[in-house]
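Let's go through some aromatic rings together, one question at a time.

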Amino acid sequence: MKRRLTILGAAVLAAAASVLFFVGPAYAATGLHVSGRDIVEAGGQPFVMRGVNHEHTWFAGETDSFADIKAKGANTVRVVLSGGRWTANSASDVAAVIALCKQNRLICVLEDHDTTGYGEDGAAVTLDQAVNYWIGLKSVLVGQEDYVVINIGNEPIGNTDPGQWTAATAAAIQKMRSNGFEHLLMVDAPNWGQDWTYVMRDNAQTVLDADTRHNTVLSIHMYAVFNTAASITSYLDTFRSKGWPLVIGEFGWQFAAGEVDDQTLMAEAVRRGIGYLGWSWAGNNDPVLDMTVGFDPNRLTTWGERVFNGPNGIRATAREAAIFGGGATTPPTSTPPTSTPPTSTPPTSTPPTSTPPSTPPPAGGGCTATYAVTGQWSGGFQGEVRVSAGATAVKGWTVTLAFPNGQTVTQAWNATVTGGGSTVTARNVSYNGSIAAGAGTTFGFLGSWTGANGVPALTCSAT
């Protein structure tokens, strides 16, 4: 994926004396490696990627994003790098990125974005040139096989002659191995990563066989080509039936008719044990694909809520790599999982509005509530309410919203919402009722509107 959306060996089973034996990789595994259809760690523990993409090459100063992505529950970050098509990321910069990943207990997928759309985009470089970039970084990559996956080239072939992908990808893998790289390698599909001509689907075995270390995972990018549940499941079924290792290296969401069915995608990935990495944390020219507003982890967009807090999202399904201490569930953060994450499909290109107070501040105890529209589209919107304690702490809170234009709330998270019509009552859930003096918490919701979308009257009471 660019900063804009572009549309368009298996484990061998042997039987002897009625006992079954699995034959592992034909080499001494170093770090992360492929075993059948799965990615496993050096100690044999399965590892399933759950994370997001970070546009580091264009936003190299946003180093806090690594900690922020981890705090949201991710176990992996795919990092955009460039060897010179954009501002080049030097060996020292890449070493710093790896250190940030390790410091924040994230597996680091490093990708060279220079290859994006080769054959169709005149600025793109070849996969062979991408390998030269990795060779130039070898000094900071060797020894990091437990922590780093090398994604040789992002979306390396466009829609012009996608058939060249097979030979070019096989040659790139062989060149990586002949230059001593032992890492788990990741290779993207052609057609800007979406493989709609099925070159990767039909030729993956040739590419996998080119790896003398049998340590390559295939990567599909799912956007507009995968706009139905059937298209997603059919594609994933083929790779499962062939026994091929696969990750979903990028995907977007169903923000408009004809776009990717992200809910099916995440559910099917979880069901099959396939890794996924959503695009992207922030920085897109088209902000509908930003998970945060301005890299602020406290301002998740609807897309961010879906990826991190959805029923098959990162927070619910990610497990930290065992290399960092045992493969336990991701550590809790200051914001517990949401109880009812949003599942409808509006866009979120409208940044949050200002949040004027709708209730007067209490003289001592009690609470106040402020309101903001964080996204709006034809017939629908996303709202957020911040509940703040006064001079003393509160143990629980209730907010009533009376909408002036007949708006209705269709779904909410971080609160239990009751009532119907244009007046609803939101009450805290188990984990956000207690608010320290002067502190606050937020809840969000999706709603519908017709004609006008005026600010509701809010009342807040506390116990």
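What follows is a short chat about ring pairs and their surroundings.

This is a predicted model, where local features need pLDDT of at least 70, side-chain atom pairs count only at pLDDT 80 or more, and totals for chains, interfaces and linings use all residues. Residues are numbered from 1 along each chain as its sequence is written, and side-chain values use heavy atoms, with hydrogens and water left out.

Student: How many aromatic pairs does a search of the whole structure find?
Tutor: Rings of Phe, Tyr and Trp (its six-membered ring) pair if their centres lie within 6.5 Å. Searching the whole structure that way gives 17 aromatic pairs.

Student: What kind of pair do Phe239 and Trp244 make?
Tutor: Planes under 30 degrees apart count as stacked, over 60 as edge-to-face and the rest as tilted. These ring centres are 5.5 Å apart and the planes sit at 70 degrees, so Phe239 and Trp244 are edge-to-face.

Student: Is Phe239 buried or exposed?
Tutor: Buried means under 20% relative accessible area, exposed over 50% and partly exposed in between (1.4 Å probe, protein chains only). Phe239 has a relative accessible area of 1%, so Phe239 is buried.

Student: Are the rings of Trp397 and Phe443 stacked or edge-to-face?
Tutor: Their centres are 5.6 Å apart. The angle between the planes is 15 degrees, and the pair is stacked.
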